[in-house]
Amino acid sequence: MRNSFGDQFDQHGTWRRDFALRLKLLAEWMKDHELMDAAVEERLHQIEGRMRTDKVMVAFVGEFSRGKSELINAIFFAGYKRRIMPASAGRTTMCPTELGYDADVPPCLRLLPIETRLQPKALTEWRAVPEKWTRIDLDVNNPAELAQALEKVAEVRIVSREEARALGFWHDMTPEDNPPVDAYGLVEVPRWRHALVNMAHPLLKQGLVILDTPGLNAIGAEPELTVSLIPQAQAVVFILAADTGVTKSDMAIWREHLVTDSDHADARLVVLNKIDTLWDELSTPARVREQIERQCAATAELLGISPEQVFPVSAQKGLLAKVTDDAALLRESRLPALEAALGVGLLGRRQGILRSEMSAGIADLRAQAGRVMQIRRRDLAEQALELKGLRGKNAAVINHMRARVHQEQIEFDVSGAKIHAIRSVHLRLLRELFTILGASTLKAELGDLNRALRQRGIKLGVKKAYNQTFQRLREGLGRAQATGIEIQTMFVAIFRQLNAEHGFSLQPPKEPDLLRFERDLELVERSHLQYLGVSNALKLATPEFADRLVRALATRLRAVYESALSEVELWNKSAAAQLDVQLRERRRNFGHRLEAIERIQQAATGLDERIADIVQQEAALNQLDARLLVLTERLLDVPQSDEPVVFAALKTA
């Protein structure tokens with residue numbers, strides 16, 4: 001029985017690997033023929049690395065006992081012919097659990113103790129402290145032992161209300177959200193804060209990352225989960241119960257954590273799980289279908305989404321069908337429609353992004369290689385014209401020619417000194433740009449907000465400080481963009497002057513659009529804003545929670561600014577590398593011209609031999625150009641998943 005999402009992810013992985021291999025071979029070929037500058041080489045290495053290591057995260061979000069883990073079992077782990085993630089009665093995932101693959105780490109389960117919440121360190125920082133995690137080795141070839149080991153993510157601790165309050169699981173002013181109290185006045189909290197599962201599952205090896213989240217209370221207590229991990233997911237599957245529909249706590253998760261990014265609303269899939277509870281032997285199949293469709297329509301209306309984003313499913317029956325190879329039961333579970341939607345929406349969107357980056361990189365490659373070959377053609381044509389003009393000339397004329405070439409070389413070297421002086425001005429502006437986008441500036445801009453969040457008690461002025469902080473960050477991006485435009489203006493002037501004086505073919509690269517990172521800032525701002533409202537005022541009054549929020553915010557903003565800096569560095573390198581290549585080619589041309597004149601002075605037949613050699617070089621250059629065109633066209637023609645066919649199958653399911 002075919003797993004539609006698995007099949008599509010296999011195709012996606014094959015496409016990525018095939019493209020990365022062809023790209024690497026092309027880069028090596030270009031380097032061998034000196035057709036690639038440092039900037040294009042770095043861009044191609046980035047794309048190759050992205051293709052090989054690209055991660056696709058699917059986050060499963062919902063309240064306790066909605067069947068998230070069972071759905072993960074049905075979609076991804078049915079090949080084990082049993083449950084892998086704990087999903088039986090009374091056993092549920094209590095902490096956020098990431099499943100992925102890292103070839104440098106043995107198969108294992110790593111668990112971060114819940115007590116780390118009491119220490120001032122972000123979840124991202126704890127990842128870099130492996131000794132603080134409890135590690136359990138996994139035997140991925142033994143399904144029973146694997147499932148038993150993963151039951152650790154369901155472990156709990158019994159603690160006092162005071163400790164639960166410190167850990168973020170008890171709030172005096174919102175008793176309805178608190179865990180039940182036993183006869184001794186104690187409450188149950190998760191034993192672990194976060195779990196990382198590393199295993200060589202075929203889909204995980206190809207870059208899939210699965211995020212299984214606990215219920216609302218646990219989600220709200222971990223800001224980094226909702227402001228960093230979930231927003232980074234390429235698809236979010238929100239699980240509801242088909243018999244209850246959208247409950248109050250379901251709506252709280254949806255409003256507070258899943259609708260902050262309206263531009264990616266189509267990446268939110270809603271699953272009405274446990275439709276088997278609606279199967280009624282006393283009712284007709286048509287009436288059961290009608291009831292399910294009614295529930296789907298009501299869910300879509302309540303959540304404000306398209307009905308096509310709501311999928312009625314029975315994860316338990318889908319898993320059973322795959323384990324027992326029951327095709328009829330699999331159809332009744334409606335699981336294939338959800339898998340197809342994940343494949344079409346998630347993988348189709350991901351391939352589109354990767355193909356766009358790939359096309360941009362190849363366009364840079366072609367443009368730069370074309371400029372280098374054009375310089376070589378022009379230099380060869382000049383040499384041929386010079387040499388043909390020497391036919392029948394005496395030694396005095398040839399000596400004069402040698403002196404003229406030597407004088408041109410001296411004048412060119414003087415221009416090189418001017419270029420160096422201009423570069424120093426450019427580097428000063430570039431340092432200003434790096435300062436604006438640097439870590440120290442970001443830290444300073446967050447200073448007021450940090451102080452407002454870390455003050456004790458109810459934080460009445462925090463929202464104002466928050467808005468002012470993001471306003472300053474946006475203004476900083478505006479200054480960075482203005483500095484970038486100033487540098488770009490300098491590039492244009494320098495390149496125009498050099499093209500006119502020396503016949504260069506320099507093309508200033510397009511300056512990075514730093515203002516587009518305002519959109520990223522807006523998403524970060526919106527995802528954190530939920531914590532500053534009245535409903536979270538008491539939670540925010542807790543110093544530990546406020547500290548976690550500050551650290552989560554800083555981590556996310558650093559990622560945005562590092563991306564902006566990376567674009568600036570690549571832009572600068574692209575301009576500098578162009579100039580370096582054309583300077584190098586011109587110096588090489590002077591060497592070839594002087595060498596040709598020396599040969600002519602030493603032998604009477606040297607002139608004709610040198611002209612014939614230039615003709616051969618021109619022919620070889622034309623062959624290189626044609627070969628480059630063929631190789632890049634082949635690269636762009638790497639087949640991808642047949643999305644229209646899959647989408648059509650989904651619509652007719």
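Trainee: Leaving aside neighbours within four places in sequence, which residues is Gln 488 in contact with?
Mentor: Pro 508, Pro 509, Lys 510, Glu 511 and Trp 571. Contact means heavy atoms within 4.5 Å. Keep in mind that this is a predicted model, where local features need pLDDT of at least 70, side-chain atom pairs count only at pLDDT 80 or more, and totals for chains, interfaces and linings use all residues. Residues are numbered from 1 along each chain as its sequence is written, and side-chain values use heavy atoms, with hydrogens and water left out.

Trainee: Where is Gln 488 found?
Mentor: In helix α18, residues 462–502. Helices here are DSSP runs of H or I, at least four residues, numbered from the N terminus.

Trainee: Does Gln 488 count as buried or exposed, and why?
Mentor: Gln 488 counts as buried because its relative accessibility is 9%. Buried means under 20% relative accessible area, exposed over 50%, partly exposed in between, with a 1.4 Å probe and protein chains only.

Trainee: Which side chain does the Gln 488 side chain make a polar contact with?
Mentor: That of Trp 571, at 3.1 Å. A polar contact is a pair of N or O atoms within 3.5 Å; within protein, one must be able to donate a hydrogen and the other to accept it, and residues adjacent in sequence count only if both atoms are side-chain atoms.

Trainee: What about rings? How do Phe 491 and Trp 571 pair?
Mentor: Their ring centres are 5.6 Å apart and the planes are at 80 degrees, so the pair is edge-to-face. Rings of Phe, Tyr and Trp (its six-membered ring) pair if their centres lie within 6.5 Å; planes under 30 degrees apart count as stacked, over 60 as edge-to-face and the rest as tilted. Phe 491 is in α18 and Trp 571 in helix α21 (residues 543–602), 80 residues apart. Both are buried. With Phe 495, they form one aromatic cluster.

Trainee: How many aromatic pairs does the structure hold?
Mentor: Six. One of them is Tyr 466 with Phe 470, tilted because the planes are at 50 degrees, with centres 4.9 Å apart. Both lie in α18, four residues apart, about one turn of the helix. Tyr 466 and Phe 470 are buried too.

Trainee: New topic. At what angle do α18 and α19 cross?
Mentor: Roughly 170 degrees, and the axes of α18 and α19 (residues 517–529) come within 10 Å. That makes the two helices roughly antiparallel, a word for angles over 145 degrees. Axes are lines fitted to C-alpha atoms over the stretch in contact, with angles from 0 to 180 degrees between N-to-C directions.

Methods
Angles under 35 degrees count as roughly parallel, over 145 as roughly antiparallel, 65 to 115 as roughly perpendicular and the rest as oblique.
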